[in-house]
Amino acid sequence: MILVYSCYTLPEAYIIKNRLDAEGIPAIVQNENLNSVLGEIPITYQTTPQVWIVNEDDLPRAEELLSKAVEMDEEDDIESEIGVSEEE
């Protein structure tokens, strides 16, 4: 297994996991139960939810998919900040 993404929230981790699974890249979420003790332990990338892929051979495809997803999310954030909608 290999770590491909560290998330800020558990829902974000599952969105990424589901995107990978939909593309035929088996993935799992680690550290999902640590959310219940945040505040009592330091928040680091090791304690936040993480997405791992099962097969290292899938790493290039996973990286490509995640980079496209991050670009799309950033574009959506920018559009919402400047008030652009698909209806316009």
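Over which residues does pLDDT stay under 50? Select residues 77–85: pLDDT stays under 50 there, and the model has 2 contacts beyond four places in sequence for this stretch. The structure on screen is a predicted model. Where pLDDT is low, the predicted coordinates should not be read in detail. Colour the chain by pLDDT next: the average is 76, and 61% of the residues score at least 70.

**Stop 1: the whole chain**

Show the chain as a cartoon. There are 2 helices and 3 strands, and along the sequence they follow the pattern β-α-β-β-α. The chain has 88 residues, and buried residues make up 23% of them.

Of the contacts between residues at least 6 apart in sequence, 65% join residues at least 24 apart.

**Stop 2**

Select residues 2–6, 27–30 and 50–53, which are β1, β2 and β3. These 3 strands form an open sheet in the order β1-β3-β2, with antiparallel pairing. β1 and β2 stand at the edges with a single partner strand each, so one side of each has no neighbour in the sheet. Turn the view to look across the strands: neighbouring strands are turned by 30 degrees against each other on average, direction ignored.

Strands of a sheet pair through backbone hydrogen bonds, either parallel or antiparallel. Begin with β1 and β3, which are joined by 4 bridges. Select Leu-3 and find Trp-52 opposite in β3. Then go to the other pair, β2 and β3, also antiparallel and joined by 4 bridges. Here Ala-27 has Ile-53 as its bridge partner in β3, and Gln-30 has Gln-50.

**Stop 3: the helix across the sheet**

Which residues of β2 are on the covered face, and which are on the uncovered one? Show the side chains of β2: Ala-27 and Val-29 are on the covered face, while Ile-28 and Gln-30 are on the uncovered face. In a regular strand the side chains alternate between the two faces of the sheet.

**Stop 4: Cys-7**

Select Cys-7, in the loop between β1 and α1. Is Cys-7 buried or exposed? Its relative accessibility is 2%, so Cys-7 counts as buried, the cut-off for buried being under 20%. Leaving aside neighbours within four places in sequence, Cys-7 is in contact with Glu-12, Ala-13, Ile-16, Thr-48, Pro-49 and Val-51. For a distance to display, pick the C-alpha atoms of Cys-7 and Val-29: they are 10.0 Å apart in space, and the two residues are 22 apart in sequence.

**Stop 5: Asp-58**

Move to Asp-58, in the loop between β3 and α2, the helix of residues 59–82. Asp-58 has a relative accessible area of 12% and is buried. Its contacts, neighbours within four places in sequence left aside, are Ile-25, Pro-26 and Ile-53. Arg-61 is partly exposed, with a relative accessible area of 40%.

**Stop 6: the other salt bridges**

Side chains of opposite charge can pair when their charged atoms come close. The count for this model is 3 salt bridges.

Return to helix α1 and select Lys-17 and Asp-21, which are 4 residues apart, about one turn of the helix. Their side chains meet in a salt bridge, at 2.3 Å from N to O. Lys-17 counts as buried at 17% relative accessibility, whereas Asp-21 counts as partly exposed at 30%.

Finish in helix α2 with Glu-64 and Lys-68. These residues are 4 apart in the helix, so about one helical turn separates them. The side chains meet in a salt bridge of 3.2 Å, N to O. Lys-68 counts as partly exposed at 45% relative accessibility, and Glu-64 is partly exposed with a relative accessible area of 46%.

Technical notes. Residues numbered from 1 in each chain as written. Predicted model: local features only at pLDDT ≥ 70, side-chain atom pairs only at ≥ 80, totals over all residues. Heavy atoms only, no water. Buried < 20%, exposed > 50% of the residue type's maximum accessible area, 1.4 Å probe, protein only. Contact = heavy atoms within 4.5 Å. Pairing = 2+ DSSP bridges. Axes fitted to C-alpha atoms, helices over the stretch in contact; angles between N-to-C directions. pLDDT = per-residue confidence, 0-100. Salt bridge = Lys/Arg side-chain N within 4 Å of Asp/Glu carboxyl O.
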